[in-house]
Amino acid sequence: MAWAGAALALIVALTFAMCFFALNKTAAEAQRLTVVIDAGHGGIDGGVVGRVTGTKESEINLAIARLLQERFEDAGFRVVMTRQTEAGLYGAATSGYKRRDMQKRAEIIDKSNPAMVLSVHQNYFPVAARRGGQVFFRADSAPSHTLACMIQSALNEMPESVRASQPLAGDYYILNCSDYPSVIVECGFLSNEEDEALLLSQDYREAIADAVCRGALGFLSSSAGA
Ligand SMILES: [Zn+2]
């Protein structure tokens, strides 16, 4: 019967149209989401240094930030890096450079309209036994707290993790400079010999980037469903 054929053709056409729309919508949503990845320190500000090897925190931060960039780009996000080289963001290395460096990072975050900000750092503590990843968030930002919990759990689940840490509230410029969900991920302690050795290995850097990415994607899917 002709009408049945016509109805079938219409259903097929509608199904194609709906699939096409759904695919485009997914692609558009992925394009819209931006992640700012902030490699802490840089230039004359090397951050803390490894107790054994003297490796600068700024170098490790950048290496892990680049691995995160790869992962988020592969997952379809737009990634904005606050710094892409070993140089700092302060312009001339004159007085007030730290303030200018931080303001530049805030400006980049502000312009990017990100779904989240991940600031990568390494820790240092006078007691050399202290180890492991530690995530910081701003106390009055509920989404930042959720993001911090997700990333902290992913870090705690790593086989190298020695204890289950809770994310901590912190009063830091990079967390306070915007209202976007923002965390500082201290990947490990350069004051601890085992952590330092791990943070110098490519495999561990990749594993840290995987864990941070897993936590961050968990946060995005939970906030999308909310
Ligand atoms: Zn730092």
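Helices (H or I, at least four residues) and strands (E, at least two) are DSSP runs, numbered from the N terminus. This is a predicted model, in which local features need pLDDT of at least 70, side-chain atom pairs count only at pLDDT 80 or more, and totals for chains, interfaces and linings use all residues. Residues are numbered from 1 along each chain as its sequence is written.

**Whole chain**

Start with the protein chain in cartoon view. Its secondary structure comes to 7 helices and 6 strands, and along the sequence these follow the pattern α-β-α-β-α-β-β-α-β-α-β-α-α. Of the 226 residues in the chain, 37% are buried (20 or more other C-beta atoms within 10 Å of a residue's own; exposed means 12 or fewer, partly exposed in between, with C-beta atoms placed from the backbone).

**The sheet**

Next, select the strands. They form an open sheet of 6 strands in the order β2-β1-β3-β6-β4-β5, with mixed pairing. At the edges are β2 (78-81) and β5 (168-169), each of which pairs on one side only. Two strands count as paired if DSSP finds at least two bridges between them.

Now go to β3, residues 116-123. 8 of its 8 residues are buried, so the strand is largely enclosed by the rest of the structure. M116, L118, V120 and Q122 point one way, while V117, S119, H121 and N123 point the other way.

Which strands pair with β3? Strand β1 (residues 34-39) runs parallel to β3 and is joined to it by 5 bridges; here A39 has V120 as its bridge partner. Strand β6 (residues 182-189) is also parallel to β3, through 6 bridges, and I184 in β6 stands opposite S119. Moving to β1 and β2, 4 bridges pair these strands in the parallel sense, with V79 in β2 as the partner of V35.

**Helices on the sheet**

Select α2, residues 57-74. This helix lies across β1, β2, β3 and β6 and runs at about 145° to β3. Such angles run from 0 to 180 degrees between N-to-C directions, with axes fitted to C-alpha atoms, for helices over the stretch in contact. α4 also packs on the sheet, touching β3, β4 (134-137) and β6, and its direction makes about 175° with that of β4.

Stay on α4, residues 142-156. From first C-alpha to last, its 15 residues reach 21 Å, close to the 21 Å expected at 1.5 Å a residue; the expected span is 1.5 Å times one less than the number of residues. Its buried residues include L147, I151 and A154.

**The core**

Colour L68, L118, I151, V183 and V212. Of the 41 residues in the largest nonpolar core, these touch the most other members. Such a core is a set of buried Ala, Val, Leu, Ile, Met, Phe, Trp, Tyr and Cys residues joined through C-beta atoms within 7 Å. Among the elements that each supply at least two residues of this core are α2, β3, α4 and α7 (202-225).

Centre on V212. Leaving aside neighbours within four places in sequence, V212 is in contact (C-beta atoms, placed from the backbone, within 7 Å) with L68, L118, I151, A154 and V185.

**Two loop residues**

Most residues other than glycine have a negative phi. H41, in the loop between β1 and α2, has a positive phi of about 65° although it is not a glycine. H41 is buried, with 24 other C-beta atoms within 10 Å.

Finish at N113, in the loop between α3 (97-112) and β3. Its phi is positive, about 50°, although N113 is not a glycine. Is N113 buried or partly exposed? With 14 other C-beta atoms within 10 Å, N113 is partly exposed.

Technical notes:
Contact = placed C-beta atoms within 7 Å.
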